[in-house]
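Hi everyone, thanks for making time.

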Amino acid sequence: MPFSFHSHSAEFCKHASGGSLSDVVEAARSSGYTVFGLSEHMPRYNAQWIYPEEAELRMTCDDLSTQFDQYVDEACRLQDHYQTLRQRGECDLELFVGAETEYTHDDSVREILELRRRHKLDYIVGSIHHVHGIPIDFSKESFEEALATHWHGDHQSLFCDYFDEQLELLRGVRPEVVGHFDVIRKYCPAVAFSARVLERVGRNVQFCADSGLLVEINSSGVAKGCKRPYPQEDVMSIARDAGVHFTLGDDAHSPGDVGLYYSHVRQYLHDFQLDQQVYRLVKRRDDHKSSKDDHVSFQHVSTELVPDIVQHHFWTRSPVYALAET
């Protein structure tokens, strides 16, 4: 404890930096994590959704698929390695192998479910990075161009479309973790949600509550200029009151990002009195491996309450985690 179910590495994510997947995992262990989820981006299957840094490397959609296959192989190797260390009493870290969604078009749900089935992933982080196939969180410049060109400068219409597509993803995939719930405000944090946007927020968080999906408290929101981790206070109030179960994510894109801004996470948990609403994923082990060389497979991933998380002894590791007077 604590934990994160959202991470990336420069080895398998071209907009990440500073280390291999193994380096990111070791940073989690060194930071005192006992649970850590690996969630590289799933491949995109059409060249129009290749990101600029991938285009610079002349990567194709086939390259993205091969890269993801390599990621799963390495993630499973690390999962087995750290499980062995745990069994020997040499390490406390438990790894989960998952993926973060790319929801770009009408057939994305089928692609996500097929990818999960093929790779036997432990879990899915359900995130929206495109609206109507248009990237909305890649850069401020591309966001502003999309807003002006496709939504005629109307933030509220873009926000509504974002949450409508988010609901489609949630209904179709039922991801265990809902990533950066309101990342749509990343490049416009000062623009308040209108009543019609908040109505959609309430609809989506109610779906999460009814379906048992964990809404991520994502510390990277602070790094992006937001006052709080994602979701912001207006969304957090609605989600808390709806009885949503939350989980934690640092959305690390380098070893140095692991646990970054978790002091803000603890403060947020305290300020919104979420001590009995934070959950983690747990795995139920199969009785056997599917073959001699395969990594351990799991029949089910379920959730487990982490009670009194604000007072967990982890936070005594550094004065940076001390709570501010309120």
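So, how do the residues of the lining of the largest cavity divide into nonpolar, polar and charged? Seven are nonpolar, three polar and four charged, where Ala, Val, Leu, Ile, Met, Phe, Trp, Tyr, Cys and Pro count as nonpolar, Asp, Glu, Lys and Arg as charged, and the others, Gly among them, as polar.

Before going on: this is a predicted model, where local features need pLDDT of at least 70, side-chain atom pairs count only at pLDDT 80 or more, and totals for chains, interfaces and linings use all residues. Residues are numbered from 1 along each chain as its sequence is written, and side-chain values use heavy atoms, leaving out hydrogens and water.

Back to the cavities. Searching the whole structure gives two of 30 Å³ or more. A cavity here is a set of points, on a 1 Å grid over the protein atoms alone, where a 1.4 Å probe fits but cannot get out; lining residues have an atom within 4 Å of a point. Volume is the space filled by probe spheres set on the points, which are joined across faces, edges and corners. The largest cavity comes to about 110 Å³. It has 14 lining residues, and F12, H41, R44, E54 and Q67 are the closest to its centre. Helix α3, residues 61-87, gives the largest share of that lining, four residues. Helices (H or I, at least four residues) and strands (E, at least two) are DSSP runs, numbered from the N terminus.

Now the sheet. It's open, with seven strands in the order β1-β2-β3-β4-β7-β8-β9 and parallel pairing; pairing takes at least two DSSP bridges between strands. β1 and β9 are at the edges with a single partner strand each, so one side of each has no neighbour in the sheet. Strands β7 and β8 pair over two bridges, and V177 sits opposite L214 in β8.

Technical notes. On a 1 Å grid over the protein atoms alone, a cavity is a set of points where a 1.4 Å probe fits but cannot get out, and a pocket is an open set with protein on both sides within 12 Å along at least five of seven lines; lining residues have an atom within 4 Å of a point.
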